[in-house]
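Please read them with the structure open.

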Amino acid sequence: MRRTLCFLAAIALAAGAAQAAQPRLLTAARIHTSDPAMPTAEALVWDDSGRILAVGSAEDLRRRHPRAEAIDLGEAVVIPGLIDAHAHLMNLGQALMSADLAGARSKDEVIARLRAYAGDLPDGAWLHGRGWDQNLWPEKAFPTAADLDAAFPEVPVWLERVDGHAGWANSAALRAAAEHAGGRDLGGDWQPDGGRIVREDGVPSGVFVDAAMALVEDAIPAPDAALREQALERALAAAVRNGLTGVHDMGVSRDDLALYRRFAGAGRLPLRISAYADGDGGALDDLCRDGLYWHAGGRLRMGGVKLYMDGALGSRGAALLADYSDEPGNDGLLLTEPKAFAAAVRKARGCGVQVATHAIGDRGNRLVLETYADALGARAEDDHRWRVEHAQIVALEDIPRFAQLRVIASMQPTHATSDMPWAGDRLGEERLAGAYAWRRFLDAGARLALGSDFPVESVDPRLGLYAAATRQDREGRPPGGWLAEQRLTAAEALRGFTADAAYAGRAEDEVGRLSPGLRADFVVLAEDPLAVPVERLDELTILSTWVDGVPVYEGE
């Protein structure tokens, strides 16, 4: 293996974005193809364009391609390149350039991490952080501005909750927000559409939920071009380091797409980005005017739009059919008014744009399904591939409608294992029957695409494979798994991150399987993910990540 890794490094240095003229023949202990026609193989051959010529036995391919450049991976195992079907690249990059608050077990720990991070903060800059979760703290209650003020009396602080659906500001940030709004008083009892200002005695407490977050975020100076480029570079490096060869990037603005296009044109995209426009705005208008976007290099496209229906469960913004069990009188938030949502869906359909909609609560999911059914009409059987992103809490009678409408359930396994300590408190036991119900969706005939929603969860897809197959945290809790009957097999989980994710992105003729004619996108592992105990899926060793037959990441 040591000789193999040296050889891979030589390829990377010599080839860069270009490729050798002669075909390459790779052999390994086992190759999982995600192709039902040939599930496993010993070897694969690809040409100088990065497309696979043949897959099969090592002996046969050596005979058929005697002049191919040989790459022997010894005992390593190859799988198709992993595709995250729901993620946020720019948000990941920004998170990597902010204070990391994920997993903090108290407000004191949050402040300690902020103090450590703030040491190098430039004068006049805001202090940003991401990842706090009040459900992990002893009091399990939303924090306040006062909790931050003693440590940061003058520096504006803005901290995004782990799900990105709530933010926590200190008093300096609240003053900046009021000044940016022309001195507008944020007190009283008014609420912005699709959002909630948490107040105490009519005064903003410091927490803003969903659409209300814009009241603070609009006051934050926009990052300059150099910072945005650095954020994207960091996100891309993290993705390929964790075995991702493709990302469905949900909510990409016109400006973000322009940045991606510059990277693609300069050969700086080490993976494939399937971008979804950020709602009914400029990027969708561009698609409707100019048509779906494809970059000639094959690593960037935009053919879909990501819409919003409701908020998130952790911040009690997911729209439920009945009140939250732990907050009577609150049934969540609709981030898009139903008539406006229906208009956006019809607009996208008229432009031939794939629709993907964020829906977490059972009311949110039902509204999306009803709107889809109305917009599709008699054409529900067409190959539209519309999607529901998350589909976390779905009424049992609505689950079969996904297959009936040919709607893809785009779900994130680590959401279940992150939410399981408190999801029962939010929902009560009865509603848990349709919560994170992967097995129910598959059994009902729905297509399941898997992702992470990074940076809400980790960018590492191995954690998704593990969560899908165990429904446990990484310490093995609870024994036997949470709602264990909804587990997937390791093979089903792998398919969700490969062939089915590719299908959800309309790219099954390009990626997702290791099959002749498709791209040579694959990951080299030290262990076999379909042979190790499922409890070890989160520990798989990534040796290298390849895109178009060229290594874009190599481990130590």
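1. Two strands count as paired if DSSP finds at least two bridges between them. In this predicted model, strand S8 (residues 127–132) and strand S9 (residues 157–161) meet that condition with five bridges, running in the parallel sense. Within this pair, Gly129 stands opposite Leu159 of S9.

2. S8 and S9 belong to an open sheet of six strands, ordered S7-S8-S9-S10-S12-S11, and the pairing in the sheet is mixed. The edges are strand S7 (99–100) and strand S11 (195–200); each has a single partner strand, so one side of each has no neighbour in the sheet.

3. Ala176 sits in helix H6 (residues 171–180). Is Ala176 buried or partly exposed? Its relative accessible area is 22%, and buried would require under 20%, so Ala176 counts as partly exposed. Setting aside neighbours within four places in sequence, Ala176 contacts Trp126 and Ala219. Pro156 is 20 residues from Ala176 in sequence, with 7.6 Å between their C-alpha atoms.

4. Helix H17 (residues 461–470) is mostly covered, with ten of its ten residues buried. Among them are Arg462, Tyr466 and Thr470. The buried residues pack against three helices and three strands by name: H14 (413–419), H16 (438–443), H18 (490–496), S6 (82–87), S13 (244–252) and S22 (542–547).

5. The ends of H17 deserve a look. Just after the helix, Arg471 has a positive phi of about 50 degrees.

Key: Residues are numbered from 1 along each chain as its sequence is written. This is a predicted model: local features need pLDDT of at least 70, side-chain atom pairs count only at pLDDT 80 or more; totals for chains, interfaces and linings use all residues. Side-chain values use heavy atoms; hydrogens and water are left out. Helices (H or I, at least four residues) and strands (E, at least two) are DSSP runs, numbered from the N terminus. Buried means under 20% relative accessible area, exposed over 50%, partly exposed in between (1.4 Å probe, protein chains only). Contact means heavy atoms within 4.5 Å.
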